[in-house]
Amino acid sequence: MLLSIVVPTYNVEKFIGNCLESLMAQNIQKEQYEVLVINDGSTDESGKIAGSFADNHKNVRLINQENKGLSGARNTGISLAKGKYIYFIDSDDYIAENTLGLILDLLEKNNLDVLGIAELETTQLDIKKSKNKDVINKEKLKVTDGITFLAENNYLNNAWWYFIRLDFLKDTGLTFPVGRLVEDANFTAKLLVAAKRMAFIPLDFYRYYLRPNSIMRKTNIAHVRRLIYDYEKNVYEFNDQINELRGSTHPKMNECLKRLEARQESFVFFLIVKAIRYGLSKEEIAKTIDGFKSIGVYPITKFIGDDYNKLIYKILTPVLNKQGVVSSLLKLGAIRR
């Protein structure tokens, strides 16, 4: 068993079949990989659809559990996985056909802890073929440790960007924080720092389906409050990690810290933007900003750079750095709402 694919599933009856079909349309033997569908208390037909796949494919397992959220479902997958490597896919997304063979070959030949892949954002559910699989297969893989990788590359927070050697993951002791919406940002940063051998391939592999009511696109005020709280938690967790890494003698540590600091301040930036957009209380945001001041991430000074350089970011950052202006904009947002 080389690979365990974990599919957290909650009320995605329109998409889970497409996701599982893409996982079955692969160029490796069924004995080489398992698909763990963690049905996280779905109230629609998701479990029934996944159960049908489990009945017809010996490498698909359906695990039903009470609702624990995306993190809880992923953690269940980690505890049950039998593969040498583990991969997390969101149940409304899918992958290109006949690509897992190449990925497993690269993981094995290069003795990797982590392998990053590319993603395609799409509103289509039928982009089945990879456009660059044959080209990728001929390219030489650049293998580095995780700190060097972070120093030299922008990266995605998303757990589905990475294939991970399971015993390495368990050695780190990392799990996903249960009850959080932005659950993989700090998990990913800590995972990459710990990696001794990692690489990235720009393989046209993952299809990130843009659906309007996904977790990150809901706009009701209760959901936005939860999201803002999670952004704040991420800021402090990044702060703990950055402080732990300071003083390291790794030759690429300064560049690594610069990237992590930019990522940390991105959560400060987007937290304030969301607070203004949805007209949240200026008192609670003022308290949050005061907390950010105490750890040196407000005013925002390290956000703009190689990873975050859009014109709108450059325009808004000096505005958001004026707390009085933020208070006025919060008031306008409340009136709009």
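Which residues of β1 lie on one side and which on the other? L3, I5, V7 and T9 are on one side, while S4, V6 and P8 are on the other, and all are buried (under 20% relative accessible area, with a 1.4 Å probe and protein chains only as cover). In a regular strand the side chains alternate between the two faces of the sheet. Strand β1 covers residues 3-9, and seven of its seven residues are buried; helices (H or I, at least four residues) and strands (E, at least two) are DSSP runs, numbered from the N terminus.

The model is predicted, with local features needing pLDDT of at least 70 and side-chain atom pairs pLDDT 80 or more, whereas totals for chains, interfaces and linings use all residues. Residues are numbered from 1 along each chain as its sequence is written, and side-chain values use heavy atoms, leaving out hydrogens and water.

Turning to its partners, β1 runs parallel to β2 (residues 33-40), joined by seven bridges, and parallel to β4 (residues 85-88), joined by four bridges; strands pair if DSSP finds at least two bridges between them. L3 stands opposite Y33 in β2 and opposite Y85 in β4.

Elsewhere, helix α12 (residues 311-320) holds I312. This residue, I312, is partly exposed, with a relative accessible area of 44%, a class that lies between buried and exposed, the latter being over 50%.
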